[in-house]
Amino acid sequence: MSERVAAETCPPPKMVVVREFDEERDKAALEEMERRCEIGPRGKPSLVTDLMGDPICRIRHFPSHVMLVAEYGEERRVVGVVRGCVKTVTRGKSMYVKVAYILGLRVCPAHRRLGIGTKLVQHIENWCQKNEVEYAYMATDSSNEPSINLFTKKCSYAKFRTPTMLVQPVHAHYKPISSSRTLILPLPPQLAELVYRRIFANSEFFPKDIDKILMNKLNLGTFMAVPKKSNFKWNPSNNPLQLLPPTFAILSVWNTKDVFKLQVKGASQLTYAWCAGTRALDAHFPGLHFPSIPNVFKQFGVYFLYGLHMEGKQGLQLMKSLCALAHNMGRDDGGCAAVVAEVGHRDPVRDGIPHWTKFSWAEDLWCIKNFTRANDSDDWIASRPPSPVIFVDPRDF
């Protein structure tokens, strides 16, 4: 998920102290600071995130993580925060590197342009170096110039990858799945791990600890779709990696609504009434399959789709069937209002993911920094992408 930070033009103030977050000491002050940061542009709707009383929920599921806060002035008021985590991922060609993901950088509006954001990044980078990471990366909206300038101009990050965020609202009606043409198989975590390690070996950012992700309680399942006529069945006595069907699609579903909730604030009464009207029409006439808009004006959650892959002539249609399954899972879950996927902008699987362009991001931007000072010939940043496929870790969302 993209993070927004403020531009900075002044040197860091002398009265800024950056330290590790202490839940007992900082929780109330941090929640108040986060609320002050939620105020969007006047007259425009804004998307607000509720961490549900758990400030480290976005990084809790990484084995190594940290959250830093910035204090300002003699009163030691919390005015900034940044989070970071460490993991090992592929950089293509089955090569693994140790990386840090920097997220959740925020500075209180009244204390921006004082260098506090830069100081937070510098301290989180020190933590990254102590953990011997080779690269650190961050994600933001490609139109968020203040954030991009902070990282690229002040902190020496390079623009790296531009994945696409695709959002499908969850309607009041079910999406049809052709049971006569499509067979959907739930895969146990151990089998899903074997399949994923094979098909994503040449991708970028595929996590080495995929087994931990698939076994996590937030993972709602991994599903494979195959043509019904293929009569495909797994044979546990054989090597499952030699038994992948010639045409199939696969994805996993991650439940983010138990981590954080979202809410749209500041929308006009006309927009509110129009959205409510679409839901009423869809609920009364589900057979019309009217594309209704869920109630995003109260707190809602989303399902995140990851590990999306398809092969064969029918792969595109099979992927659409899996996305319909995920939509229907969200439809049965009263707290889910959208199904979201993030994929490389040149990944062929993108064409098989239903989405609303109005709610999607054409380009997210990932920026990266090399901590190893490797030669250009061995530098991931300078190398050509080995594949159009980017594996987006659901814990990053």
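Modeller: Buried means under 20% relative accessible area, exposed over 50%, and partly exposed in between, with a 1.4 Å probe and protein chains only. The model is predicted, so local features need pLDDT of at least 70 and side-chain atom pairs count only at pLDDT 80 or more, while totals for chains, interfaces and linings use all residues. Residues are numbered from 1 along each chain as its sequence is written, and side-chain values use heavy atoms, with hydrogens and water left out.

Biologist: Why is Ser-156 called exposed?

Modeller: Ser-156 has 53% relative accessibility; exposed means over 50%, so Ser-156 counts as exposed. Ser-156 lies in the loop between α3 (145-154) and β7 (158-161); helices (H or I, at least four residues) and strands (E, at least two) are DSSP runs, numbered from the N terminus.

Biologist: What makes the phi of Ser-156 worth noting?

Modeller: Most residues other than glycine have a negative phi. Ser-156 is not a glycine, yet its phi is positive, about 65°. Phe-205 also has a positive phi, near 70°. Phe-205 is found in strand β10 and, at 1% relative accessibility, counts as buried.

Biologist: What puts the buried residues of helix α4 on the same side?

Modeller: The buried residues of α4 (residues 189-199) are Leu-191, Ala-192, Val-195, Tyr-196 and Ile-199. They cover an arc of only 130° around the axis, which puts them on the same side of α4; the arc is that of the directions from the helix axis to the C-beta atoms. These residues pack against several elements, including β10 (204-207), α5 (210-215) and β12 (248-255).

Biologist: Why are β8 and β9 called edge strands?

Modeller: Two strands pair if DSSP finds at least two bridges between them. In the open sheet, 6 strands follow the order β8-β15-β14-β12-β11-β9, with mixed pairing. Since β8 (164-169) and β9 each pair on one side only, they are the edge strands.

Biologist: How do you know that β12 and β14 pair?

Modeller: 7 bridges join β12 to β14, and pairing requires at least two, so the strands pair; they run antiparallel. The bridge partner of Ile-250 is His-309, in β14.

Biologist: What makes Val-18 buried?

Modeller: Val-18 has a relative accessible area of 13%, which is under 20%, so Val-18 is buried. Val-18 sits in strand β1 (residues 16-20). Not counting residues up to four places away in sequence, Val-18 touches Leu-68, Val-69, Ala-70, Lys-119, Leu-120 and His-123; contact means heavy atoms within 4.5 Å.

Biologist: Which residues touch the most other members of the largest nonpolar core?

Modeller: A nonpolar core is a set of buried Ala, Val, Leu, Ile, Met, Phe, Trp, Tyr and Cys residues joined through side-chain atoms within 4.5 Å. Of the 98 residues in the largest core, those touching the most other members are Leu-120, Phe-151, Tyr-196, Phe-205, Met-224, Ile-250 and Trp-380.
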